[in-house]
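Here are my notes on the model, point by point. Keep the viewer open while you read.

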Amino acid sequence: MRRRSFLTALGAAAVAACTRAEPATTTIAATRGPASPPTGDAALIGRAVVRERAAVAAYAVAAASPLLTAPVKARVEAFRAHHEAHVAAFTRALELAGHRRPDDLPVGPPPATESEIVTIEALAGVETALMTFHLDNVGRAATGELAMTVTSVLGVEARHAAVLRALAGGDAITSPFVAP
Amino acid sequence: VTAASEDAKVLALAIDREDRMVFFYKTVLATGRLTPAAQPLARALSSNHQAHRAALADASGGVGTPRDAYPLPADLNDETAVVRRAAEIEESGMQAHLKALAVLIAPAVRTVLASIVGVQAQHVTVLRSWQRLDPVPGAFLTDGLGS
């Protein structure tokens, strides 16, 4: 019950969208092992909260730059809102499962903002690092449902990165894969 | 039944989706309905899907040859229609890949498919930008295309 609340809170839409029943065989059950306690996934999600908060902070610094043109500023604000939604979803899942929200940690240096292009490139770097972080978590997630939900977040950050790279004058898509 | 055989079934469907997208781009490039400006994009996206197919086939231990043909939308009359349909097909394939993640068992296989989902999300973004639509309409892929 506690675990279901945990997953449901994090990705209700994602989990509901999954229509394929899991195969129920002894062999597969043995492969999956016993139902994992939420602790491992909670730690994973706690780290995700911290990383998403850092992204929000980076976007806040970028958005405050007077050097951004209006269209770029609007894009930066929109992407910051997405990261705030990621923080909210991850945090809500933790709290509903009885875990406390993680403490704030140092978020590293703010993004460079000497010019609009430098700011955009810095944010693209933030997104790329975050994508890699989430991709690593996909492999660590105890359940497929959590892997799917983390990928739902990862994919949006991949979209952010593509838009930012294009705004910086580069190729939106640089590889057939999100590289770890 | 083993975890590997169950994952192989899921991956076979994912490979078929990649083959469908390769077929779509190959066909529309052959029709001449894309301007020279759009053709490199179609080729690049098709190339990505071929790479996805190869990675998925590798992860599943090898899957046979693609089908000869896949059904295509009937209204591919001009570049606008082709790009709109490409975005729809990419979004549909991406959502199916995303759902498949929930039932894959091997963590390494999940990671491969998640990596592909990320890039396919970028495909949708580029195609939406081409149509002057919001390139990132939601905070989660599970939100769908939005408006």
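1. Terms before anything else: helices (H or I, at least four residues) and strands (E, at least two) are DSSP runs, numbered from the N terminus. Take helix α1 of chain B, which covers residues 3-31. Just after α1(B), G32(B) adopts a positive phi of about 75°. The expected span here is 1.5 Å times one less than the number of residues.

2. Some housekeeping. This is a predicted model, in which local features need pLDDT of at least 70 and side-chain atom pairs count only at pLDDT 80 or more, while totals for chains, interfaces and linings use all residues. Residues are numbered from 1 along each chain as its sequence is written, chains are lettered from A and ligands numbered from 1 in the order in which they are written, and side-chain values use heavy atoms, with hydrogens and water left out.

3. Have a look at D7(B), which sits in α1 of chain B. Its relative accessible area is 3%, so D7(B) is buried (buried means under 20% relative accessible area, exposed over 50%, partly exposed in between, with a 1.4 Å probe and protein chains only). What does the side chain of D7(B) reach? It comes to 2.9 Å from the backbone nitrogen of A106(B). That falls under polar contacts: pairs of N or O atoms within 3.5 Å, where within protein one must be able to donate a hydrogen and the other to accept it, and residues adjacent in sequence count only if both atoms are side-chain atoms. Beyond neighbours within four places in sequence, D7(B) is in contact (heavy atoms within 4.5 Å) with V103(B), L104(B), I105(B), A106(B) and V109(B).

4. Further along α1 of chain B you find T27(B). T27(B) has 22% relative accessibility and therefore counts as partly exposed. Its C-alpha atom is 22 Å from that of V119(B), 92 residues away along the chain.

5. The search ran on a 1 Å grid over the protein atoms alone, a cavity being a set of points where a 1.4 Å probe fits but cannot get out, and lining residues have an atom within 4 Å of a point. α1, α2 (39-60) and α3 (79-101) of chain B each give at least two residues to the lining. Among the lining residues are F24(B), Y25(B), L41(B), V82(B) and L127(B). Which classes make up that lining? It has 12 nonpolar, no polar and no charged residues, where Ala, Val, Leu, Ile, Met, Phe, Trp, Tyr, Cys and Pro count as nonpolar, Asp, Glu, Lys and Arg as charged, and the others, Gly among them, as polar.

6. R159(A) deserves a point of its own. It lies in helix α6 (residues 144-167) of chain A and counts as buried because its relative accessibility is 2%. Its side chain makes a polar contact of 3.4 Å with that of E91(B). Other chain B residues in contact with R159(A) include M94(B), Q122(B), T125(B), P135(B) and L141(B).

7. In the segment after α4 (107-130) of chain B, check R132(B). R132(B) is not a glycine, yet its phi is positive at about 60°. With 78% relative accessibility, R132(B) counts as exposed. A139(B) is also in the segment after α4 of chain B, but A139(B) is buried, at 10% relative accessible area. A139(B) touches H82(A), A85(A), H86(A) and V156(A), leaving out residues up to four places away in sequence.

8. Chain A comes to six helices and zero strands, and 46% of its 180 residues are buried. Helix α4 (residues 70-96) of chain A should span 39 Å with its 27 residues at 1.5 Å each, and its end C-alpha atoms agree at 39 Å apart. Buried residues in α4(A) include V72(A), F79(A), H82(A), H86(A) and F90(A). Just after α4(A), G98(A) has a positive phi of about 90°.

Notes. On a 1 Å grid over the protein atoms alone, a cavity is a set of points where a 1.4 Å probe fits but cannot get out, and a pocket is an open set with protein on both sides within 12 Å along at least five of seven lines; lining residues have an atom within 4 Å of a point.
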